[in-house]
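Welcome! Please take a moment with the sequence and the 3D view before reading on.

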Amino acid sequence: NKHDSERICGLLETLNYKESKNISDADLVIYYTCCVRKSADDKFYGQLSSTNFKNSAKFAVGGCLAQKESKKLLERFKQIDFVFGTQNLKDLPNLLANLNGNRYSKTDMQPEFNSDLPFKRESEHKAWVAINRGCDNHCTYCVVPQVRGKEVSRKHENIISEIKTLADENVIDITLLGQNVNSYGKDLYNKPSFSSLLEKVSKTSIERIRFTTSHPKDLSEDIILVIKECENVCEHIHLPFQAGSDVILKKMGRNYSKKHYLSLISMIRRHLPKASITTDIMVGFPGETETDFNETLDLVEKSQFDQAFTFIYSKREGTPAASLKNHIDYQTKLKRFEKLVKLQNKISLKQNKKLEGATVDILVEETSKKDNKLLTGRTKTGKLVHFKSSDSLIGKIVYIKILEAKPFFLIGDSVE
């Protein structure tokens with residue numbers, strides 16, 4: 001969504017729009033939405049009903065929620081002029097030009113990968129590079145296949161060309177982006193693998209190469225070996241496991257077992273002993289028992305993740321999981337969630353403390369949003385570091401000595 005939003009901003013600039021600093025002064029307001037979890041829906045609806053907009057403003061809604069509920073949005077909110085789907089960004093200029101008092105939606109799925117759109121990056125030094133879109137996995141709790149469509153991969157040469165352009169623009173850090181980067185290329189004529197793409201990208205002049213998100217069923221040793229052998233591919237792997245119980249994994253349609261997942265963790269640790277591993281974990285899937293939940297806690301203990309994005313299951317209409325029996329009551333889900341978070345925070349602090357006293361190289365990204373006296377950057381392993389120094393360092397790779405570890409970040413001091 002962040003990458004799509006950058007492309008929307010780029011398109012609007014070609015139409016002579018300029019970003020407004022205050023939403024109430026804007027002539028055009030676009031909400032780009034997510035619908036993976038109910039909390040995202042609620043946040044959008046809350047902002048829509050509580051924000052003061054200019055009476056003459058044109059109003060549009062795009063993204064996942066727009067793709068899923070375009071008609072409902074137009075019926076429910078009369079201030080919305082048009083709705084556009086996840087694959088209709090390129091249509092934005094025509095949609096704006098042809099309003100003429102009409103209200104409509106455009107949410108058709110496009111067979112081709114539209115990658116040649118202009119964009120306005122949030123950062124001068126970091127960039128997203130989309131390599132595929134959509135998902136063919138059909139996890140029973142997930143709406144992504146509905147709103148993002150089938151997997152479609154970009155050609156190697158188009159991706160490499162974009163990356164070389166970014167390098168010429170002094171971009172240092174890129175993230176290869178897809179709903180499932182590991183399955184890249186399966187829909188292309190000669191079926192190039194993600195590992196082969198990653199190796200080609202590593203031969204460009206980009207200093208730091210990341211990727212997200214990986215699916216455990218498609219993570220191969222070839223990918224890990226490319227990370228091991230290519231110095232500019234970052235040693236950070238985000239590998240969602242969602243649940244530790246084989247019973248729940250089967251109900252989720254995840255197509256791997258707890259044993260297989262742990263074997264992947266072991267493989268990563270064997271080849272990349274200094275790598276950071278992060279994950280996604282869901283609590284309270286329908287039918288989850290205490291025994292199932294304890295299997296999740298056990299997997300967390302054995303994997304020793306650096307960080308985890310933890311979620312309480314939320315029912316998404318139209319998914320197979322929504323019609324399952326034995327939905328868990330909220331208080332039970334909350335109790336399990338809090339127990340999981342407490343455990344993971346303890347592990348995250350333990351993992352971060354290993355770096356106390358060490359010197360690490362970070363790309364300085366920005367002034368801290370919470371304290372303008374601090375600069376913020378990330379290590380190659382994706383760990384957030386705060387330190388005091390001049391903002392002239394933003395956009396540079398510097399060496400930092402880690403003084404103190406916290407569960408979610410590190411505090412350091414620059415090394416002269």
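The report below visits a few strands, a helix, a loop residue and some cysteines.

Keep in mind as you look around that this is a predicted model.

**Strand β14 and its partners**

Let us begin with strand β14, which covers residues 375–379. Four of its five residues are buried, so the strand is mostly covered. On one side, β14 pairs with strand β13 (residues 359–367) in the antiparallel sense, over five bridges. Within that pairing, T367 stands opposite L375 of β14. Strand β14 also pairs with strand β15 (residues 384–388), again in the antiparallel sense, here over four bridges. There you can find G377 standing opposite V385 of β15. Four residues lie between the strands in the hairpin of β14 and β15, where G382 takes a positive phi near 85°.

**Helix α13**

Next, find helix α13, which runs over residues 330–353.

Several residues of α13 are buried, among them L340, L343, Q344, I347, S348 and Q351. An α-helix has 3.6 residues a turn, so residues three or four places apart point the same way. The buried residues of α13 pack against several elements, including helices α11 (258–271) and α12 (290–303) and strands β16 (397–405) and β17 (410–414).

**A loop residue, T204**

Now turn to the loop between α8 (194–202) and β9 (208–212), where T204 has its place. Is T204 buried or exposed? With a relative accessible area of 12%, T204 is buried, because the cut-off for buried is under 20%. Leaving aside residues up to four places away in sequence, T204 touches I160, I163, K164 and N232.

**The cysteines**

How many disulfides does the count come to? The count comes to zero.

| Cysteine | Closest cysteine sulfur | Distance between sulfurs |
|---|---|---|
| C34 | in C64 | 5.4 Å |
| C139 | in C142 | 6.1 Å |

For C34, the sulfur in C64 is too far for a bond, and for C139 the sulfur in C142 is likewise too far.

Technical notes:
Residues are numbered from 1 along each chain as its sequence is written. This is a predicted model: local features need pLDDT of at least 70, side-chain atom pairs count only at pLDDT 80 or more; totals for chains, interfaces and linings use all residues. Side-chain values use heavy atoms; hydrogens and water are left out. Buried means under 20% relative accessible area, exposed over 50%, partly exposed in between (1.4 Å probe, protein chains only). Helices (H or I, at least four residues) and strands (E, at least two) are DSSP runs, numbered from the N terminus. Two strands pair if DSSP finds at least two bridges between them. A disulfide is a pair of cysteine sulfur atoms within 2.5 Å. Contact means heavy atoms within 4.5 Å. The expected span of a helix is 1.5 Å times one less than its number of residues.
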